[in-house]
Amino acid sequence: MTRSTIVVVTWRGKGHVSACLDAVAAQTRPHRLLVVDNASDDGTEEILAAHPARPEVLRLPTNTGYAGALAAVDRHAAVGTEFTAWLNDDAEPAPDWLAALEDALDQDEQAAAAGSRMAGLDGAVLSIGVGLTADGHGVDLVDEAAGPRPVFGFCGGAVLLRTEALRHAGGVPARFFCYYEDTDTAWRLRLANHTIVSVPTARVTHRHGASTQPGSRLFHLWNERNRLAMLIRCAPGGVAVREVARFAAITALLPLRRLARRPERRPGTPWNFRVRLRLRVLGELAGSLPQLLRERKAVTDLAEIPRSAVWRVARSLNSPG
C-alpha cells in the first residue's frame with residue numbers, strides 16, 4: 001500500500017537530480033513520486049521526462065523557490081496519501097530512508113513530522129533536526145542519538161509529514177521563497193499540539209549548496225527576512241517585537257560604530273552585517289507587515305496551545321543556547 005508521496009523540488013537540477021531520483025527509486029517502501037520543477041531552463045525538464053522512475057511532474061511557470069513549490073503542491077491538491085515527504089533535489093536518501101520515517105510516525109501518533117539524518121559527501125553530519133536560539137534563529141543540530149528523539153523542528157530538505165496535520169496547520173508559507181519555511185511549519189505543527197521527532201536511521205546524503213549559494217547576498221537576505229517573518233507569524237508577541245526591534249537597532253548602530261572603517265564595503269564583511277542588506281530586510285518586512293499580521297491571526301485561530309508554551313518547549317528542547 002502506498003502511504004507516502006515523495007515531493008522533490010528542483011530548479012536547474014540537471015547536474016544532480018538524476019542521482020536523487022535514482023535513490024528514491026531504490027526505496028524499500030512503495031511510494032508515489034512527484035517532482036515540482038521550478039521553471040528550470042537548463043535541460044532538467046528533459047532529464048525528468050527520460051528518467052526510468054517516470055516521476056509525475058508539476059512544472060511551474062516561474063521559479064517560486066522551495067517554499068513556493070511546496071505550497072503549489074497543496075494548491076493543486078496533488079497529495080492524496082497519508083504522508084508527504086519533502087526532499088531536496090540534491091539529496092540522496094538511503095534505500096530504507098522512507099521505511100525508517102514511516103515506522104517512526106507509526107510508533108508516535110502525536111508526532112506530525114519525522115526528520116532525517118543529513119550528512120555531506122564527506123560523511124560529516126549536517127543536521128539531525130532544528131533547534132531555536134534565544135533570539136529565534138533556527139539552527140541545525142548535529143549531536144547524534146541512538147534512536148528517534150524529540151526535536152523542536154526539522155530540516156525541510158528531507159522530512160516526512162502527516163499530510164492532514166500539515167494542511168490543518170496552514171500548509172507551507174509560499175512567501176518565504178527559500179529558508180525558514182520548515183521552521184515556520186514546525187512552529188505551527190507544535191501550536192496544533194503535535195510533536196516532531198528526529199530519526200537517525202533515516203540517512204540522507206546531501207550535496208549541500210548545489211541549488212543555492214550559502215553565504216551569498218540572497219541567502220542572507222532570505223534568512224534574515226524570513227526569520228523575522230516567522231517570529232511575527234508564530235512566536236509570542238513580545239519575542240517578535242523584541243527581535244524586530246533588536247534587528248533595527250543593530251542596523252542603526254552599525255554605521256555609527258564602524259564609520260571610520262566602513263566595513264560594509266569590504267569583501268570580508270558578512271552580508272548580514274551590511275547596512276544596505278539589513279535596510280532592505282526592514283523595508284520588505286514593513287511592506288508585508290499588514291499581511292503578516294493577518295497571517296498571525298490565522299495561525300492563532302488554528303492553534304490549540306498558547307504560543308508561550310511552544311516557546312518554552314523551543315527554549316528547553318534541543319535548543320543550543
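1. At what angle do helix α7 and helix α9 pack, and how far apart are their axes? The model is predicted. In it, α7 spans residues 217-234 and α9 spans residues 275-302. The two helices pack at about 30 degrees, and their axes lie 8 Å apart.

2. Angles under 35 degrees count as roughly parallel. Helices α7 and α9 are therefore roughly parallel to each other. Their crossing is right-handed.

3. Which residues of α7 meet α9? On the α7 side they are Arg217, His220, Leu221, Glu224, Arg225, Leu228, Ala229, Leu231, Ile232, Arg233 and Cys234. On the α9 side the partners are Leu277, Arg280, Val281, Glu284, Leu285, Leu289, Leu292, Leu293, Glu295, Arg296 and Val299. By class, this contact of α7 with α9 holds 13 nonpolar, 1 polar and 8 charged residues.

4. Helix α7 also packs with α6, which covers residues 181-191. Here the angle is about 15 degrees, with the axes 10 Å apart. That makes α6 roughly parallel to α7. The crossing of α6 and α7 is right-handed.

5. What makes the contact between α6 and α7? From α6 come Thr183, Asp184, Trp187, Arg188 and Leu191. From α7 come Met230, Arg233 and Cys234. The residues of this contact divide into 4 nonpolar, 1 polar and 3 charged.

6. One detail deserves a look in the viewer. Arg233 and Cys234 of α7 are listed in the contact with α9, and Arg233 and Cys234 are also listed in the contact with α6. Met230 of α7 is among the residues that contact α6.

Note on methods:
Residues are numbered from 1 along each chain as its sequence is written. This is a predicted model: local features need pLDDT of at least 70, side-chain atom pairs count only at pLDDT 80 or more; totals for chains, interfaces and linings use all residues. Side-chain values use heavy atoms; hydrogens and water are left out. Axes are lines fitted to C-alpha atoms, for helices over the stretch in contact, and angles run from 0 to 180 degrees between N-to-C directions. Helices (H or I, at least four residues) and strands (E, at least two) are DSSP runs, numbered from the N terminus. Angles under 35 degrees count as roughly parallel, over 145 as roughly antiparallel, 65 to 115 as roughly perpendicular and the rest as oblique. A crossing is left-handed if the near helix is turned anticlockwise from the far one by less than a right angle, and right-handed if clockwise. Contact means heavy atoms within 4.5 Å. Ala, Val, Leu, Ile, Met, Phe, Trp, Tyr, Cys and Pro count as nonpolar, Asp, Glu, Lys and Arg as charged, and the others, Gly among them, as polar.
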